[in-house]
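Open the model in your viewer and keep the selection panel at hand. The tour below goes stop by stop.

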Amino acid sequence: MNEYSMYIQHDWDECIRSAENRVWISVKPRNGAGIYGHLQCKSYKLNGIPIIQGTNGFEVESVSSHAIQVKHSSCPSVTLLSPYRIFNDVHNSSVTSLDVIGGQCVSASDSVLKSWSSLDHEKEKEVTMTGHYGDIYCCRWFPSVKVVLSCGADLRIKIWSADTGECAGTLIGHTKAVTDLAIIDRGRNIISVSKDGTSKLWHVGSGKVIDDLIKLNQTTYINCCSISSPKNLNLGERDIPTSDTEIGTDDKCLLIGCENGMLSLIGVYARKILATNNLDSPVNACHLNDEAQIYVGCNDGRVIWLDEQLVIKHCIFDTNSPVRSLCLFKELVVCGHGDGSCVLRSINGKKAYLTGTNAEPIFDVSTDTRFLYTACRDGVIRKYLPELL
């Protein structure tokens, strides 16, 4: 059975290591009823590792720090990973966006941004940034890890000093909520996408729009974007005048995903649509890498791999729960879903789960190459160590 999801009690790692405690676990086919069982610590090995017994077809194959490998008679084995560290005092409500570079975090909750360290988190070292009106949909570090970019429901894009919390600039030009952002090289130019159906190229220094990269019908919401410098991909020829304020776009390709299911690749410098496809479900999250490989998460729960022509190469449809966020960790696609599951998937069928949320949507996922982080509606940011997989 390939179309399945596995769920486990959110605090399983703490409970299961105590003798005679038990936790619930279930496996659910995408369009079927769940199968429930329990895992229970029966005894301990000499090294203190618990010996865990399952019921109703569940079997624990291995146990390590923060991780267990579980299989059920109806599906292959999966790894369940508990948080390496939990940050529950950064924000008091839903964490809507998160970005991490080298352990340095910027996160958003409601209209407030905070920059902080996941390496030695101390409240007094947090820097708070306020000035948005309404929810923040995206926050991202500039490569310097000194400046933060954010956007949200107030139609504004803001640039912040992460050291002082001061707003260094506000970019105004969209007529509806700004949903996602992409930074070009060091950040002299950025790209925004919006529910107004446009993707805009900005010159950060002047705060001005250089051009609309794409202009769709105003009812065609653009939900997400991703930028890269794909190798060996023809990005089209430019037939408009160049501008001194446009820097570093000549090798850039932009991927956008829309509420109506449309997916498009755009040559940024040429302003040309290179490929398009319609996935028949809102595209909530997307990623484009330097090999022109494309990864997409849809509102119907599908996780899709596509090539540079936006032809579907592989699709995993194991849950109907919407994909809310997506990032890439090595060869694994990491997706946060609306039902609180966060799943690492590979084309060859291997699967692992980042656990710890109690059925609360995962609004963002991020990686700093060693760790994975999740931002959740419960207001908690969780840090995971995937090497335990």
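Start with the annotated spans. The UniProt record, an unreviewed entry, places "repeat: WD" at residues 129-170 and 171-212. UniProt positions follow the numbering used here, feature names are shortened, and annotations may be inferred rather than shown by experiment. This is a predicted model: local features need pLDDT of at least 70, side-chain atom pairs count only at pLDDT 80 or more, and totals for chains, interfaces and linings use all residues. Residues are numbered from 1 along each chain as its sequence is written, and side-chain values use heavy atoms, with hydrogens and water left out.

Select 129-170. This span is 57% strand and 0% helix, and its end C-alpha atoms are 13 Å apart. Now take 171-212. Helices (H or I, at least four residues) and strands (E, at least two) are DSSP runs, numbered from the N terminus.

**The largest core**

Next, select Met 6, Ile 8, Ile 25, Leu 39, Ile 68, Val 70 and Leu 80. These have the most contacts inside the largest nonpolar core, which has 21 residues. Such a core is a set of buried Ala, Val, Leu, Ile, Met, Phe, Trp, Tyr and Cys residues joined through side-chain atoms within 4.5 Å. At least two of its residues come from each of β1 (4-8), α1 (12-15), β2 (22-29), β5 (58-64), β6 (67-72) and β7 (75-81). Centre on Val 70. Leaving aside neighbours within four places in sequence, its contacts (heavy atoms within 4.5 Å) include Met 6, Ile 25, Leu 39, Phe 58 and Leu 80.

A second, separate core has 19 residues, among them Leu 263, Leu 265, Ala 292 and Leu 310. Stay on Ala 292. It sits in the loop between β25 (283-288) and β26 (294-298). Ala 292 is buried, at 6% relative accessible area. Buried means under 20% relative accessible area, exposed over 50%, partly exposed in between (1.4 Å probe, protein chains only).

**The second largest pocket**

Go to Ser 346, Gly 349, Lys 350, Lys 351 and Ala 352. Of the 22 residues lining the second largest pocket, these are the closest to its centre. The pocket holds about 410 Å³ of space. A pocket is an open set of points on a 1 Å grid over the protein atoms alone, where a 1.4 Å probe fits, with protein on both sides within 12 Å along at least five of seven lines; lining residues have an atom within 4 Å of a point. Grid points are joined across faces, edges and corners, and the volume is the space filled by probe spheres set on the points.

Colour the lining by strand. β7 gives the most, with four residues. Then pick Thr 79, found in β7. Thr 79 is buried, with 12% relative accessible area. Beyond four places in sequence, Thr 79 touches residues including Ala 67, Ile 68, Lys 351, Ala 352 and Leu 389.

**Two exposed loop residues**

Select Asn 232, in the loop between β21 (222-228) and β22 (253-258). It has a positive phi of about 55 degrees although it is not a glycine. Asn 232 is exposed, at 86% relative accessible area.

Finish at Ala 33, in the loop between β2 and β3 (35-44). Ala 33 counts as exposed, at 65% relative accessibility. Not counting residues up to four places away in sequence, Ala 33 touches Val 27 and Lys 28. Draw a distance to Cys 138: the two C-alpha atoms are separated by 36 Å.
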